[in-house]
Amino acid sequence: MNVLEIKNVCKKYSNNSKKVNTTALKNINLTLRNNEFIGIMGTSGSGKTTLLNVASGIDSCDEGEINILDNNISEMDRNELSLFRRSNIGMVFQDFNLLNSLSVKENIMVPLLLDKKYELLEEGIVNKLANMMDISGILDRYPYEISGGQQQRAAICRAIINNPKIIFADEPTGNLDSRSSKKVLSYFELLHNEYNANILMVTHDPFSASYCDKVVFLQDGSIINEIRKQGDKVKFLNSILEIVQDFDTVRIKEDIDD
Ligand SMILES: Nc1ncnc2c1ncn2[C@@H]1O[C@H](COP(=O)(O)OP(=O)(O)OP(=O)(O)O)[C@@H](O)[C@H]1O
């Protein structure tokens, strides 16, 4: 079964004060199959975050539909969607989105408390995840007392504590140095390879994208290319870099022509 189907999706933003419409997504079709890790790349403003927000139900689309495990989330009302998202979707953001007034442990527990899944807390799920993500020594600290990499690993624990069917990640390494990025990416890889996690990740970074099975490239709201991993990560990284360089060359030529 496909985990996520994005079908003919279009999205416009209207800016009422200037009476300008921005077409952010143009007829997007994309499928995330079971046990797939897909990356979304593209230049700034190409529509990456909009696509992730629409696919995860944070935002609505104007045309088309989004199916998650055969449920059309575009047709759900607010309450249905909110419940559906809580039990099926895990989100990871560039700026971590941890609550500073809660300890790391409490932050990770939030989704279970919202869903009253106290039995999982008693089974020690927080400690298990913290061990897996190598943050068990900092559970009693507050987000402002730990590094960005540790905050992101705590945010991943929070995203997966409900055992979601899909993890959506928007530039999860965007605020991290290269060492912390590698560690965070290695945990995504672990979740994907060992726990069959399905992941859709936005990134502008070819190195991060090389952890995916497949990368799609957006430009001006359309998918203009896609590439599937064949061989190892280094080979995949080189293929991604070639495509990114081609885009850059075309863009520079267009800028010169303008
Ligand atoms: N809330 C909004 N209102 C109006 N226009 C928006 C809004 N959000 C995004 N846009 C526009 O939609 C287009 C796509 O934006 P989006 O944020 O999805 O791009 P992106 O590829 O994620 O960019 P970046 O890499 O810079 O984060 C851009 O032209 C952007 O200016």
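Start with helix 5 (125–132): select its buried residues, Ile125, Val126, Leu129 and Ala130. They span an arc of only 130° around the axis, so they sit on the same side of helix 5. The arc is taken from the directions that run from the helix axis to the C-beta atoms. Buried means 20 or more other C-beta atoms within 10 Å of a residue's own; exposed means 12 or fewer, and partly exposed lies in between, with C-beta atoms placed from the backbone. Helices (H or I, at least four residues) and strands (E, at least two) are DSSP runs numbered from the N terminus.

This is a predicted model: local features need pLDDT of at least 70, side-chain atom pairs count only at pLDDT 80 or more, and totals for chains, interfaces and linings use all residues. Residue numbers run from 1 along each chain as its sequence is written.

**Around helix 5**

Now show the neighbours. The buried residues of helix 5 pack against helix 3, helix 4 and helix 6. Contact here means C-beta atoms, placed from the backbone, within 7 Å.

Step past the end of helix 5 to Asp134, which follows it. Asp134 lies in the loop between helix 5 and helix 6. Its phi is near 60°, positive in a residue other than glycine. Most residues other than glycine have a negative phi. Asp134 is partly exposed, with 13 other C-beta atoms within 10 Å.

**Helix 3**

Select residues 104–114. The buried residues of this helix are Val104, Asn107, Ile108 and Met109. They pack against helix 4 (118–122), helix 5 and helix 6 (148–160). Lys116 follows helix 3, and its phi is positive, near 55°.

Two strands count as paired if DSSP finds at least two bridges between them.

Zoom in on strand 7 (residues 166–170) and strand 8 (residues 199–202): they run parallel, joined by 4 bridges. Pick Ile167; its bridge partner in strand 8 is Ile199.

Move to the open sheet of 4 strands, ordered 2-1-4-5 with antiparallel pairing. Strand 2 and strand 5 (71–72) are the edges, each pairing on one side only. Strand 1 and strand 2 run antiparallel, with 10 bridges between them. Tyr13 stands opposite Thr22 in strand 2.

Stay in strand 1 for Asn8. It is not a glycine, yet its phi is positive, about 50°. Asn8 is exposed, with 12 other C-beta atoms within 10 Å.

**The ligand**

Finish at the ligand. Its shell holds 13 residues; the closest are Tyr13, Ser44, Lys48, Thr49 and Thr50. Strand 1 (2–15), strand 2 (20–33) and helix 1 (48–55) each give two or more. A residue joins the shell if its C-beta atom, placed from the backbone, lies within 6 Å. Which element gives the most to the shell? Helix 1, with 3 residues.

By class, the shell has 2 nonpolar, 10 polar and 1 charged residues. Ala, Val, Leu, Ile, Met, Phe, Trp, Tyr, Cys and Pro count as nonpolar, Asp, Glu, Lys and Arg as charged, and the others, Gly among them, as polar.

Terms used. Contact = placed C-beta atoms within 7 Å.
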